[in-house]
Amino acid sequence: MSHDTRPRTLDPNNLNPLQEWLARELGATSVHITDAKVLGGGAIGENWLIEAGVDGEKRNWVLRTDAASRMAMSHDRANEYYCLKAAHEAGAKVPEPIAVSRDTSIIGAPFMIVGQVAGYAQGRNMVRDEKVMNDGGALAGELGRTLARIHSVHPPGKDLGFLELPGKSPALVQVEQMRANLDLVSEPRPALEYVLCWLERNAPDCAQPVLCHGDYRTGNYMVDGGTLTGILDWEFCHWGDPHLDIGWFCARCWRFGADDREAGGIGPREALYRGYNAESQTPLDEGMVPYWEVLAAARWAVVALLQGERFITGGEPSIELLLTGMMAPEMEHEALQGIAALGG
Amino acid sequence: MDGPAQKARVFLDIARRTYSDEIAPGLAKEKRYVGAMVASALGVARRRLEHADPAARLLENLGASDMKGLAKSIRSGNVSDETHERLADELMTYIEAELAITKPKFLERRKKS
């Protein structure tokens, strides 16, 4: 029995409003939910595993509610859904988009429903998975190909009007966002300020912004039997420079200790690049990736500091938040080394 | 080291040793991660007492009076590679001194790689 007494949005004893709404959305005669289990919840919203019959056909879905408190740069569930849907339509391997609603009268919170995908996502397990380790870079290649499909979505996109065009170098937009977030952090960070100045001075132009996932990394995709089954977590999607996702994926901070496998701790970066270039109309500029890895380190440092700030001034007495905030110097070290390697 | 710091060290050392010897081995699997975080926090507190404040040295070497002002000056460009030739090196030294307190294993691993 669970000791978690937090209130849940979805009430398994009152599923009629959701069933009726789903039947209308899916154009079905009947939708009958046979099981609903909560997978996790709290500050990041809730995930429910749902088993349903749609006109008698069994379906397995995941219902995700809106996060109670989300980062300013992240999307709500509905917008996240439309990003995922655009990627799905472009042929990327993502959970099947089923339905979305901002109407709080159905289950008490906005939500989206996607198809359940098999496998697991935990980064620490992924970089030790023997099937992945012995695949000769196959998973990294697959992740490269699916990323190229996501990047094949260009502005304005379908149902993506809520995404703002960068209007300038997307790297400069990132620097501005990081500075705005850094201003919310009580502890001054001179090293990070130095890194941001360097990123600003060296910001590359981007001729054609694309749909960037924004958090494309090990830990955010599902793998089953060594094979990619779906890309998760679309809340940081934006129009941006395609190299942002590549730099984020390869950044040392997302290799989960498997530093010698430069593509997310799961394979050689060449395999990721090859997969990407085989699928993309526009080949990667590999020389740009080190810049975006510096930016990735800075970006993760800012996120870590924001998490730590929830402990320092936000009144959330969580040891995990405090220790996450303390990870910032690792990223600052990474970024300063990256800058030095690029000639300062 | 002054008296209060010495007393704090004694308390932290015995708390960490008791935790490692008597509590950590019996922790349920799902609590081991939290346990590791507790041990880590105690270690940071201990090293924080042991090491000189990395910020003080940075400020002295760059001729700045406080970290907030330094961060602001770097953002505005008043402190830069042009005004301080060794700025990047000083910042790296500062970060490494911080890491020696917060995550010494990170530096050891990076030196090996």
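**Helix packing in chain B**

Modeller: Happy to! In chain B, the axes of helix 1 (residues 3–23) and helix 2 come within 10 Å and cross at roughly 155°. An angle over 145 degrees counts as roughly antiparallel, so helix 1 of chain B is roughly antiparallel to helix 2 of chain B. Please keep in mind that this is a predicted model. The crossing of helix 1 of chain B past helix 2 of chain B is left-handed. On the helix 1 side of chain B, the residues in contact include B:Ala8, B:Leu12, B:Arg16 and B:Tyr19; on the helix 2 side of chain B, look for B:Val38, B:Leu42, B:Gly43 and B:Leu49, among others. By class, this contact of helix 1 with helix 2 in chain B has 10 nonpolar, 2 polar and 4 charged residues.

Now move along to another pair. Helix 3 (residues 54–62) and helix 5 (residues 87–102) of chain B have axes that come within 9 Å and cross at roughly 170°, which means that helix 3 of chain B is also roughly antiparallel to helix 5 of chain B. Here B:Pro54, B:Leu58, B:Asn61 and B:Leu62 of helix 3 meet B:Glu90, B:Tyr94, B:Ala97 and B:Glu98 of helix 5. Sorted by class, these are 5 nonpolar, 1 polar and 2 charged residues.

Finally, the partner: 24 residues of chain B are in contact with 19 residues of chain A. Helix 2 (32–50), helix 4 (67–76) and helix 5 of chain B each supply at least two residues to the side touching chain A, with helix 5 of chain B giving the most, 10 residues. That side of chain B has 15 nonpolar, 3 polar and 6 charged residues.

Notes: Residues are numbered from 1 along each chain as its sequence is written. Chains are lettered from A and ligands numbered from 1 in the order in which they are written. This is a predicted model: local features need pLDDT of at least 70, side-chain atom pairs count only at pLDDT 80 or more; totals for chains, interfaces and linings use all residues. Axes are lines fitted to C-alpha atoms, for helices over the stretch in contact, and angles run from 0 to 180 degrees between N-to-C directions. Helices (H or I, at least four residues) and strands (E, at least two) are DSSP runs, numbered from the N terminus. Angles under 35 degrees count as roughly parallel, over 145 as roughly antiparallel, 65 to 115 as roughly perpendicular and the rest as oblique. Two residues are in contact if their C-beta atoms, placed from the backbone, lie within 7 Å. Ala, Val, Leu, Ile, Met, Phe, Trp, Tyr, Cys and Pro count as nonpolar, Asp, Glu, Lys and Arg as charged, and the others, Gly among them, as polar. A crossing is left-handed if the near helix is turned anticlockwise from the far one by less than a right angle, and right-handed if clockwise.
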